[in-house]
Amino acid sequence: MNWINAFEIICYIIVAIFLFDVIKKKAWNEVYMFISAAIAGFSLELLAVRLTDIYHYSKLYYIMIGVEPYQFPFFGGLMWGAVAVCAYRLAKKFKLSPIMTALLSGFFVVSMDLLLDVAAIRLSGGFWAWDGRPINLVIDHHTFMSVIWVNFLGYMFETPSIIYYSQKYWRRNEKSIIKNVIAAIIIGLMSVVTVGVLSFISLKLNDVTDEWFSFIAFVVLWLYIFIRLIREIVLRRKEVKIKLDDAALTIFWFALYLYCLVGLVRLGILSAKPLYTALCALLSLGTVLLTLINFGTDDEDFVKELQDE
């Protein structure tokens with residue numbers, strides 16, 4: 001089995017575990033968020049490969065949608081749904097404002113992607129390929145080891161927009177399932193428009209700045225959120241309780257990071273980039289540890305507070 005199909009199977013498994021957990025807990029708001037994020041994920045990927053013409057996916061996936069060469073792996077949309085909710089589960093532990101919770105959710109997604117994308121474009125001939133971009137380990141304002149910066153910046157648009165719009169809607173405390181499903185679809189489409197507009201602006205600004213815009217915007221935003229995260233952990237260190245009370249969340253992030261680390265080791269990238277290795281260790285261990293940490297805040301109470309505001 002190649003690396004692409006192995007990852008595909010892993011993703012189907014962890015999404016299934018996640019969905020079983022959500023249904024078992026009757027966390028219906030998370031179901032609606034999953035729907036929104038999955039719709040956004042499918043739509044944005046299909047639009048991106050069709051309209052931007054800057055990358056295309058491998059043909060090795062078991063299940064794909066779209067017409068070649070604009071095909072897209074089916075599990076990708078499902079993973080966008082699951083990763084958005086799992087990132088939100090981490091972010092809401094800190095009980096921050098809706099906008100900061102949304103940004104922190106995006107931070108968790110894109111931080112994992114700093115590992116995944118570097119490995120993905122190399123394993124089994126590449127999960128996808130950036131057209132006209134050489135594969136190397138150079139880090140500059142054009143690429144992060146051959147992954148363009150606007151790719152990472154786009155993730156900081158997508159997940160936060162879904163989380164933010166969802167939180168705003170949940171405050172309505174709507175009981176109708178039909179209305180909630182419709183709202184979830186609308187939120188997904190709103191996120192597509194938001195990401196589309198912001199990505200279009202970013203690409204235009206990249207054109208006039210020789211790609212400096214996306215590089216600076218991403219690094220500044222990522223560092224700001226990272227500093228806020230560390231600050232919150234330090235300030236609330238006395239409240240920390242470590243307990244495996246969300247096994248699905250721990251499995252989800254552990255599986256993703258483990259795959260990334262094994263792939264990066266196999267490619268020899270970690271041995272070639274010591275500073276990157278340190279970053280990978282920090283992000284993987286830190287994220288998995290956060291799945292085990294609580295700050296004395298009951299998640300259901302927090303969601304109720306959001307609904308009642």
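## Basis of the description

A residue is called buried when its relative accessible area is under 20%, exposed when that area is over 50%, and partly exposed in between, with a 1.4 Å probe and protein chains only. The structure is a predicted model, in which local features need pLDDT of at least 70 and side-chain atom pairs count only at pLDDT 80 or more, while totals for chains, interfaces and linings use all residues. Residues are numbered from 1 along each chain as its sequence is written, and side-chain values use heavy atoms, with hydrogens and water left out.

Helices (H or I, at least four residues) and strands (E, at least two) are DSSP runs, numbered from the N terminus.

## Salt bridges

Side chains of opposite charge can pair when their charged atoms come close. With a salt bridge taken as a side-chain nitrogen of Lys or Arg within 4 Å of a carboxyl oxygen of Asp or Glu, the model contains nine salt bridges. One of them joins Arg236 to Glu239, with 3.3 Å between the closest N and O atoms; Arg236 is buried at 12% relative accessibility, whereas Glu239 is partly exposed at 35%.

Where does Lys25 find its partners, and which residues are linked with it in a network of salt bridges? Lys25 forms a salt bridge with Asp21, the closest N and O atoms lying 3.3 Å apart, and these two residues are separated by about one helical turn because they are four residues apart in helix α1 (residues 3-25). Asp21 is buried, at 11% relative accessibility, and Lys25 is partly exposed, at 39%. Lys25 also meets Asp246 in a salt bridge of 3.4 Å, N to O. Asp246 lies in the loop between β7 (241-242) and α8 (247-267) while Lys25 belongs to helix α1, so this pair ties together parts that are 221 residues apart in sequence. Asp246 is itself buried, with a relative accessible area of 8%. The network of salt bridges links Asp21, Lys25 and Asp246 with Glu30, Arg89 and Lys92.

## Nonpolar core

A nonpolar core is a set of buried Ala, Val, Leu, Ile, Met, Phe, Trp, Tyr and Cys residues joined through side-chain atoms within 4.5 Å. The largest such core in the model has 94 residues, and Phe108, Trp253 and Tyr276 are those with the most contacts inside it. Helix α4 (residues 98-120) supplies the largest share of this core, 15 residues.

Contact here means heavy atoms within 4.5 Å. When residues up to four places away in sequence are not counted, Phe108 touches Ala87, Leu90, Ala91, Leu229, Trp253, Tyr257 and Leu290.

Two packed helices are described by the angle between their axes and the distance between the axes. The axes are lines fitted to C-alpha atoms, for helices over the stretch in contact, and the angles run from 0 to 180 degrees between N-to-C directions. Angles under 35 degrees count as roughly parallel, over 145 as roughly antiparallel, 65 to 115 as roughly perpendicular and the rest as oblique.

Helix α4 packs against helix α7 (residues 212-235) at an angle of about 110°, with the axes 10 Å apart, and α4 is therefore roughly perpendicular to α7. On the α4 side the contact is made by Met100, Leu103, Leu104, Phe107, Phe108, Val110, Ser111 and Leu114, and on the α7 side by Phe218, Trp222, Tyr224, Ile225, Phe226, Arg228 and Leu229. The axes of α5 and α7 come within 8 Å and cross at roughly 45°, so that these two helices are oblique to each other. Their contact is made by Trp149, Val150, Phe152, Leu153 and Met156 of α5, together with residues of α7 including Phe213, Phe218 and Ile225.

Ser166 also has its place in helix α5 (residues 149-170) and is buried, with a relative accessible area of 1%. Leaving aside neighbours within four places in sequence, Ser166 is in contact with Met33 and Ile187.

## Positive phi in two loops

Most residues other than glycine have a negative phi. Lys26, in the loop between α1 and α2 (28-51), has a positive phi near 55° and is exposed, with a relative accessible area of 59%. Lys95, in the loop between α3 (74-91) and α4, has a positive phi near 50° and is partly exposed, at 36% relative accessibility.
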